Amino acid sequence: MKRRATFRQAAEMEKPLVTPAAHDAFTARMIERAGFKAVAIGGSTMLAARHALPDLGLAALGEMLGGAKDILDATSLPVIMDGDDGYGDVKSVVRLIRAYEDLGVGAVVLEDQVREVKQSGNNNARSVAPVESIAQKLRAAVATRDSRDMMIIARCDAYGLEGVDGAMGRCEKYLKAGVDGVFIPGVRKAEELARVGAAFRGNYQLVDMVEGKPPWLKPSELFDMGFNQVVYPAHVMLRAMTAIEQALKGLRDFAMGHAPLALLPDVDATRATFRDVVREQAWVGYESRFKQS
C-alpha cells in the first residue's frame, strides 16, 4: 500500500497548494514527476478522457470511482476529487463519502448546482439547489467520514445567478454545516476575489484559474488574498488535446502525400521518458528478482 500524505499535510507543504487536474493515470504520474504536491481529479476532464462525454451530469458514482482508482494507483500524491452533487440525495452522499474514503481520496468537493440542468465549466450554472438541501448533504458528508484527514469542501456555483454576495451568503451557511472549506468558481473580478478571500480567511479556500477568463493571477497573489489552494482544471487536458490533434493532422497529411512528416527532435530521449513514467525497468526487474537460482 502506498504511503500517501493527507491533503491537509500537502496544504502545509506548499502555500498555496497548486493542483493541476489529472484526467488519467499517466497524467497523474507525470504531475508527481514534475514535483507537484497534490493532484486534482475533475469530473469534466476525466469523463472526457475515459468516455469522450461532456460534464453534464452524465457520470455516476461507479464511473467516477473507476477513474479515480486508476489515478490513485498511479501516484502516491494526495488527491482532491470532484463529488458533483453527491449523485443523488443525502443517502447517496453517505455512500459517496464511504467509497471515496475507502479508496484513499484525501478531499472531496460537493457542489450545489442542480444535477438535472448541470452545466460544465465555472460560472455556467443554470440553477442551484435550495441552501438547506445542500447543507443537509454537507452535514451528512462531515458526519460520515471516519477521519478528519478527509477534507470536505463546499462548492458554490451561485456566482453567475446570485452575484458574489449571494454566493458568499450561501458559503457562510455551508461552513455552519461543518465543512472544512469553500470554493466559489467563476468569480470574474479581482476585487471580488479579494472580498471572498478576506471574508473566509481562516477557513480552507479553493480558487480556480481558467485560461481566457479573467482574472488571471499568480498563485502568490491568490495566497495573499486568503486562498489556500489554486486549481488549474483544464491546463493539462487542453494542451494534451492540442498536441494529439496536431500529431494526427501531421500524420494524416503525410499519409495523403501533402507534407513531410515532422519527426520528434530526440525520439530516443522521448521514449526513455515514456519508459520512465510507466516504470518499465521496475516491472522488468521482477523477472530476475523471482527467478529460481
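Figure 1. Lys-249 forms a salt bridge with Asp-253, and the closest N and O atoms of the two are 2.9 Å apart. The structure shown in this and the following figures is a predicted model. Lys-249 and Asp-253 are separated by about one helical turn because they are 4 residues apart in helix H10, which covers residues 235-255. An α-helix has 3.6 residues a turn, so residues three or four places apart point the same way. Lys-249 has 52% relative accessibility and therefore counts as exposed, the cut-off being over 50%. This bridge is one of 20 salt bridges that a search of the whole structure finds.

Figure 2. The side chains of Asp-165 and Arg-195 meet in a salt bridge, with a distance of 2.6 Å from N to O. Distant parts of the chain are linked by this pair: Asp-165 lies in helix H7 and Arg-195 in helix H8 (residues 190-199), 30 residues apart. Arg-195, at 39%, counts as partly exposed.

Figure 3. Side chains of opposite charge can pair when their charged atoms come close. Here the side chains of Asp-180 and Arg-145 meet in a salt bridge of 2.7 Å, N to O. The pair connects distant parts of the chain, 35 residues apart: Asp-180 is in the loop between H7 and E6, and Arg-145 is in the loop between helix H6 (131-144) and strand E5 (151-155). Both Asp-180 and Arg-145 are buried. Which residues are linked with them in a network of salt bridges? The network is made up of Arg-8, Arg-145, Arg-148 and Asp-180.

Figure 4. Val-179 is found in the loop between helix H7 (159-176) and strand E6 (181-183). Is Val-179 buried or exposed? With a relative accessibility of 8%, Val-179 counts as buried, since the cut-off is under 20%. Leaving aside neighbours within four places in sequence, Val-179 is in contact with Leu-138, Val-142, Ile-152, Ala-154 and Tyr-174. The C-alpha atoms of Val-179 and Arg-139 are separated by 7.7 Å, although these residues are 40 residues apart along the chain.

**Figure 5. Helix H5 and its buried residues.** Helix H5 runs over residues 90-103. At 1.5 Å a residue, its 14 residues should span 20 Å, and the end C-alpha atoms are 20 Å apart, so the two values agree. The buried residues of H5 are Val-93, Leu-96, Ile-97, Ala-99, Tyr-100 and Glu-101. What do these buried residues pack against? They pack against helix H4 (61-74), E3, E4, H6 and E5. After H5 comes Gly-104, which has a positive phi, near 110 degrees.

**Figure 6. The largest pocket.** Rolling a probe the size of a water molecule over the atoms shows where empty space is left. The largest pocket has a volume of about 720 Å³. Its lining consists of 35 residues, and Gly-42, Ser-44, Thr-45, Pro-233 and Ala-234 lie nearest the centre. Two or more lining residues come from each of strand E2 (39-41), helix H3 (43-51), strand E3 (79-82), strand E4 (107-111), strand E7 (204-208) and H10. Which element gives the most to this lining? H3 does, with 4 residues. By class, the lining has 19 nonpolar, 8 polar and 8 charged residues.

**Figure 7. The second largest pocket.** This pocket has a volume of about 280 Å³. Among the residues that line it are Ala-243, Gln-246, Ala-247, Gly-250 and Leu-251. The lining also includes Asp-253, the salt-bridge partner of Lys-249. Other lining residues include Ala-259, Pro-260, Leu-261, Ala-262, Leu-263 and Leu-264. The lining divides into 9 nonpolar, 2 polar and 1 charged.

**Figure 8. The cavity.** How many cavities of 30 Å³ or more are counted? The count comes to 1. The largest cavity has a volume of about 60 Å³. It is lined by 14 residues, and the closest to its centre are Gly-186, Val-187, Arg-188, Asp-208 and Met-209. By class, this lining has 9 nonpolar, 2 polar and 3 charged residues.

Key
Residues are numbered from 1 along each chain as its sequence is written. This is a predicted model: local features need pLDDT of at least 70, side-chain atom pairs count only at pLDDT 80 or more; totals for chains, interfaces and linings use all residues. Side-chain values use heavy atoms; hydrogens and water are left out. Buried means under 20% relative accessible area, exposed over 50%, partly exposed in between (1.4 Å probe, protein chains only). Contact means heavy atoms within 4.5 Å. A salt bridge is a side-chain nitrogen of Lys or Arg within 4 Å of a carboxyl oxygen of Asp or Glu. On a 1 Å grid over the protein atoms alone, a cavity is a set of points where a 1.4 Å probe fits but cannot get out, and a pocket is an open set with protein on both sides within 12 Å along at least five of seven lines; lining residues have an atom within 4 Å of a point. Grid points are joined across faces, edges and corners, and a volume is the space filled by probe spheres set on the points. Ala, Val, Leu, Ile, Met, Phe, Trp, Tyr, Cys and Pro count as nonpolar, Asp, Glu, Lys and Arg as charged, and the others, Gly among them, as polar. The expected span of a helix is 1.5 Å times one less than its number of residues.
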